[in-house]
Amino acid sequence: MINKKEILKINNLHVNTSNKEIITGLNLSINKGEIHAIMGKNGSGKSTLAKVITGHPSYQVTKGNIFFKDEEITNEEPENISHKGIFLAFQYPIEVPGVSNLDFLRLAYNSKQKKLNKKEIDPLSFFELINKKLKKIDMDPLFLNRHLNEGFSGGEKKKNEILQMSLLQSELSILDEIDSGLDVDALKNISNNIKKFANEDNAILLITHYEKLINYINPNYVHIMDRGKIIFTGNKTVASNIDKYGYDYISLKK
Ligand code: ADP
Ligand code: MG
């Protein structure tokens with residue numbers, strides 16, 4: 001690890017799936033207290049990157065490495081990565097009929113507590129904790145009794161991810177297209193909650209297609225990904241130029 005503020009460091013990462021190289025030499029460094037956004041055309045490898053960081057078994061790292069704080073996490077098990085403090089909100093959250101959202105959240109919370117050798121929380125105290133969190137993000141408590149993601153609207157699934165993120169208090173949260181399919185009000189609400197969650201001790205990696213989210217959140221850095229690597233890093237003005245001129249704007253700039 002190079003410096004103490006660094007939370008994520010990716011060096012020359014190459015990743016294959018089904019014998020095809022998807023990530024082709026990617027470098028990225030994220031410090032504590034920072035919000036980074038990654039934009040890029042469909043198929044440029046954004047979701048693959050998120051999944052590789054969090055240890056998805058379908059992807060093979062063929063070269064390079066990933067560090068989380070002072071530990072190398074390349075090829076680490078997804079469960080360990082999550083317990084170490086990296087959260088990934090899924091682009092398409094799974095539906096789990098038969099498991100209530102409340103139970104799921106408590107299970108997730110307690111499994112992390114256990115791994116960190118901390119005390120597990122009893123159902124009543126958890127109910128109090130989660131209700132506080134719900135209030136903060138302006139979510140209906142009835143939501144807790146429903147089955148995980150079953151019949152949740154697009155916006156509700158996204159809110160639920162934000163709830164999970166704020167419950168687990170991970171040091172690095174990766175949000176893959178948290179803005180897709182949201183109306184303007186929901187987008188504002190989710191952006192505000194992400195901003196409220198961000199602090200000096202954590203970091204957020206947003207993956208998005210849209211300028212709007214970037215404008216609301218105003219990340220420290222906006223990276224553009226193309227064919228498996230980051231080809232440009234700037235601030236939010238790059239997002240508005242891409243919105244105006246398309247991704248060709250980046251190649252024209254070079
Ligand atoms: P993005 O999120 O930027 O749209 P993805 O990371 O989802 O891009 O995909 C990048 C490329 O990798 C695409 O061409 C996609 O088809 C391919 N890919 C991703 N995952 C797999 C997989 N499990 N098997 C085969 N191809 C995959
Ligand atoms: Mg994607």
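The legends below describe an overview and several close-up views of one predicted protein model.

Residues are numbered from 1 along each chain as its sequence is written, and chains are lettered from A and ligands numbered from 1 in the order in which they are written. Because the model is predicted, local features need pLDDT of at least 70 and side-chain atom pairs count only at pLDDT 80 or more, while totals for chains, interfaces and linings use all residues; side-chain values use heavy atoms, with hydrogens and water left out.

**Figure 1. Overview of the protein, with nine helices and 12 strands.**
Helices (H or I, at least four residues) and strands (E, at least two) are DSSP runs, numbered from the N terminus. The C-alpha trace spans about 55 × 40 × 35 Å along its principal axes. The radius of gyration, taken over C-alpha atoms, is 18 Å, in agreement with the value near 18 Å for a compact globule of 254 residues, where the globule rule is 2.2 Å times the number of residues to the power 0.38. Of the 254 residues, 50% count as buried, a class that means under 20% relative accessible area, as against over 50% for exposed and in between for partly exposed (1.4 Å probe, protein chains only). Taking contact to mean heavy atoms within 4.5 Å, 67% of the contacts between residues at least 6 apart in sequence join residues at least 24 apart. The accessible surface comes to about 12800 Å², of which 49% belongs to carbon and sulfur atoms; these areas come from the Shrake-Rupley method with a 1.4 Å probe, and for residues only the protein chains shown count as cover.

**Figure 2. Asn 19 and Asn 218, two loop residues with positive phi.**
Asn 19 lies in the loop between β1 (6-17) and β2 (20-31), and its phi is near 60°, a positive value in a residue other than glycine. With a relative accessible area of 81%, Asn 19 is exposed. Asn 218, in the loop between α7 (211-217) and β11 (221-226), has a positive phi of about 55° although it is not a glycine, and at 46% relative accessibility Asn 218 counts as partly exposed.

Ile 22 is buried, with a relative accessible area of 16%.

**Figure 3. Helix α1 (residues 46-53), a mostly covered helix.**
Seven of the eight residues of α1 are buried, namely Lys 46, Ser 47, Thr 48, Leu 49, Ala 50, Val 52 and Ile 53. Just after the helix, Gly 55 takes a positive phi of about 85°.

**Figure 4. Val 222 in strand β11, with a relative accessible area of 0%.**
Val 222 is buried and, residues up to four places away in sequence not being counted, touches Ala 37, Met 39, Ile 214, Phe 232, Thr 233, Gly 234, Asn 235, Lys 236 and Val 238. Ile 207 is 15 residues from Val 222 in sequence, and the C-alpha atoms of the two residues are 9.7 Å apart.

**Figure 5. Tyr 247 in the loop between α8 (236-245) and α9 (248-253).**
At 18% relative accessibility, Tyr 247 counts as buried. The residues that Tyr 247 touches, when those up to four places away in sequence are not counted, are Met 39, Gly 40, Lys 41, Ile 224 and Ile 242; Met 39 is also touched by Val 222. A polar atom of the Tyr 247 side chain lies 2.9 Å from the backbone nitrogen of Gly 40. Ile 224 and Tyr 247 are 23 residues apart in sequence, with a C-alpha to C-alpha distance of 8.8 Å.

**Figure 6. Phe 127 in helix α4 (residues 123-136).**
Phe 127 is partly exposed, with a relative accessible area of 38%. Beyond residues up to four places away in sequence, Phe 127 touches Leu 102 and Leu 144. Leu 144 is 17 residues from Phe 127 in sequence, and their C-alpha atoms are 9.4 Å apart in space.

Notes
A polar contact is a pair of N or O atoms within 3.5 Å; within protein, one must be able to donate a hydrogen and the other to accept it, and residues adjacent in sequence count only if both atoms are side-chain atoms.
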